[in-house]
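Biologist: Could you take me through the sheet in this model, strand by strand, and then through the spaces around it? I would like one connected account, please.

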Amino acid sequence: MLQKTIDPNHLTVYVKRRSFIWRHRYYRLDMYEEPCEERCRGLILLINRSSDEDHILPDFIPIEKEVTHDSNYSMYNLSGKSKQSSEN
């Protein structure tokens, strides 16, 4: 039954998830694992679901860039097959 929902243009995404609380806030680290597209290799996303407008980021985690409103980092877009993958 689930076979009918498989999208041939998307891959299964493997994520190792670690959650923690820091300064009374909940955080989640999503670490993308192989097999994955090139753009996901080594990708680690820090997720914080907070109603506070001032997001306090843990000072012990180096943050490369903010991707909150970047649709390229949505799970749907990260799972999309690249042109190279879809040709194989």
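**The sheet and its surroundings**

Modeller: Happy to! Three strands form an open sheet in the order E1-E2-E3, with antiparallel pairing. Strands here are DSSP runs of E with at least two residues, helices are runs of H or I with at least four, both numbered from the N terminus, and two strands pair if DSSP finds at least two bridges between them. Strand E1 (14-22) and strand E3 (44-48) are at the edges with a single partner strand each, so one side of each has no neighbour in the sheet. Direction ignored, neighbouring strands are turned by 20° against each other on average, with axes taken as lines fitted to C-alpha atoms and angles running from 0 to 180 degrees between N-to-C directions.

Before going further, a word on the source: this is a predicted model, in which local features need pLDDT of at least 70 and side-chain atom pairs count only at pLDDT 80 or more, while totals for chains, interfaces and linings use all residues. Residues are numbered from 1 along each chain as its sequence is written, and side-chain values use heavy atoms, with hydrogens and water left out.

Now to the pairing of E1 with strand E2 (residues 25-33), which is antiparallel and runs over nine bridges. Ile21 has Tyr26 in E2 as its bridge partner, and Ser19 is bridged to Arg28 of E2. The two strands form a hairpin with two residues between them, and Arg23 in the turn has a positive phi of about 50°.

Arg28 deserves a look of its own. This residue of strand E2 has a relative accessibility of 17%, so it counts as buried; the cut-off for buried is under 20% relative accessible area, with exposed over 50% and partly exposed in between (1.4 Å probe, protein chains only). Its side chain makes a polar contact with the side chain of Asp30, at 3.3 Å. Such a contact is a pair of N or O atoms within 3.5 Å; within protein, one must be able to donate a hydrogen and the other to accept it, and residues adjacent in sequence count only if both atoms are side-chain atoms.

Next come the spaces. On a 1 Å grid over the protein atoms alone, a cavity is a set of points where a 1.4 Å probe fits but cannot get out, a pocket is an open set with protein on both sides within 12 Å along at least five of seven lines, and lining residues have an atom within 4 Å of a point. There is one cavity of 30 Å³ or more, and the largest cavity holds about 60 Å³. Among the residues lining it are Tyr32, Glu33, Glu37 and Leu78. E2 and helix H1 (75-79) are the elements that give two or more residues to this lining.

Glu37 lies in the loop between E2 and E3 and is buried, at 6% relative accessible area. Glu37 and Leu78 are 41 residues apart in sequence, yet their C-alpha atoms are 7.9 Å apart in space.

Finally, the largest pocket contains about 870 Å³ of space. Of its 27 lining residues, Leu45, Leu46, Ile47, Val67 and Thr68 lie nearest its centre. The largest share of that lining, five residues, comes from E3.

Note on methods: Grid points are joined across faces, edges and corners, and a volume is the space filled by probe spheres set on the points.
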